Amino acid sequence: MGSRNQIISYLQSQGLYLRETQVLPSFFDPLNQINGRQIKWSKMAKQTNVAIELKELQAEGMSLASMAAVHQLQLKDEQRLLDVCAAPGMKSLYASSLQELDLHSNDLSFERIKRMERLFLKHGVKSTVSKHDASKIYDQYPPESFDRILIDAPCSGEGLALTGNDKQTTAWSSAKVKRLQQLQIKILKAAWKLLKPGGRLVYATCTLNKNENERVIHKALHVDVDVIQSALSLDKLPKLACAEAWRIEPSQNSIGFFIAVLEKPIGFQD
């Protein structure tokens, strides 16, 4: 069983100095009809100091960092988007609210897929839902057939653990990090084969260590990303360029998160 002190020490061993914090509840209003604090970079993201009954509001709970990851896709109408590890579906839902997309939402868990399908039905989201192993997803589609790909990879959840999630804390271990890194590398390699030349892929996790983030990207694609580290601001959302990444510190505004942007060069050969 892990502890927050163990997680903090593990991060410090990598030169990362991050602390435990508390985050305000945040939510996504697909109908944009709920009164609340507006966030300049996204009219649909809101926070509150008051406990909110999401069910009564007909809103969906979502991390602001997750919204930031979707924004880094720089979506345009009619693009073909693959959400590789999509369930329970909030990022797909959010993406579909921003642009008219040819959306494909994949996950491996039958139960999580059913939850995602209920979410899509509730909000009228049009998506091709699939149940494929993300580490072998290149077998399921033609090569280089997606304009945009989002990978919110399975991870050790340090960004959640440092904002009070006891389940993530007790499940954490350095051995788990090592196991997950191997899976993350396979997923990234597999998804990269499906990205069109000139397309954009966003790799994201709700964990903070280098082994599951920039080192995964280096091992999978031999790309070194330039990482900035800061808390998420409600006033300004960085627009990341290719090979740039953002380690979001746990704060009042957001859970801890990692977002990296990768683009496949024109003429790229696997």
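Helices (H or I, at least four residues) and strands (E, at least two) are DSSP runs, numbered from the N terminus. The model is predicted: local features need pLDDT of at least 70, side-chain atom pairs count only at pLDDT 80 or more, and totals for chains, interfaces and linings use all residues. Residues are numbered from 1 along each chain as its sequence is written, and side-chain values use heavy atoms, with hydrogens and water left out.

**Exercise 1.** State which elements each supply at least two residues of the lining of the largest pocket.

Solution. A pocket is an open set of points on a 1 Å grid over the protein atoms alone, where a 1.4 Å probe fits, with protein on both sides within 12 Å along at least five of seven lines; lining residues have an atom within 4 Å of a point.
- The elements are β3 (60-61), α4 (90-98), α5 (110-123), α7 (166-171) and α8.
- Among these, α8 gives the most, with 4 residues.
- The lining has 41 residues, and those nearest the pocket centre are Ala87, Pro88, Arg112, Asp152 and Cys206.
- The volume, the space filled by probe spheres set on grid points joined across faces, edges and corners, is about 1,100 Å³.

**Exercise 2.** Check the span of helix α8 (residues 174-192) against its number of residues.

Solution. The expected span is 1.5 Å times one less than the number of residues.
- For the 19 residues of α8 this gives 27 Å, and the end C-alpha atoms are 27 Å apart, so the two agree.
- Buried residues (under 20% relative accessible area, 1.4 Å probe, protein chains only) of α8 include Lys176, Leu180, Gln184 and Trp192.

**Exercise 3.** Classify the ring pairs Tyr10 with Trp172 and Tyr141 with Phe146.

Solution. Rings of Phe, Tyr and Trp (its six-membered ring) pair if their centres lie within 6.5 Å; planes under 30 degrees apart count as stacked, over 60 as edge-to-face and the rest as tilted.
- The rule gives 3 aromatic pairs.
- For Tyr10 and Trp172 the centres are 5.2 Å apart and the planes at 70 degrees, so the pair is edge-to-face.
- Tyr10 lies in helix α1 (residues 4-12) and Trp172 in the loop between α7 and α8, so the pair ties together parts 162 residues apart in sequence.
- Both Tyr10 and Trp172 are buried.
- For Tyr141 and Phe146 the values are 5.1 Å and 80 degrees, so this pair is edge-to-face.
- Tyr141 and Phe146 are both buried.

Key. Buried < 20%, exposed > 50% of the residue type's maximum accessible area, 1.4 Å probe, protein only.
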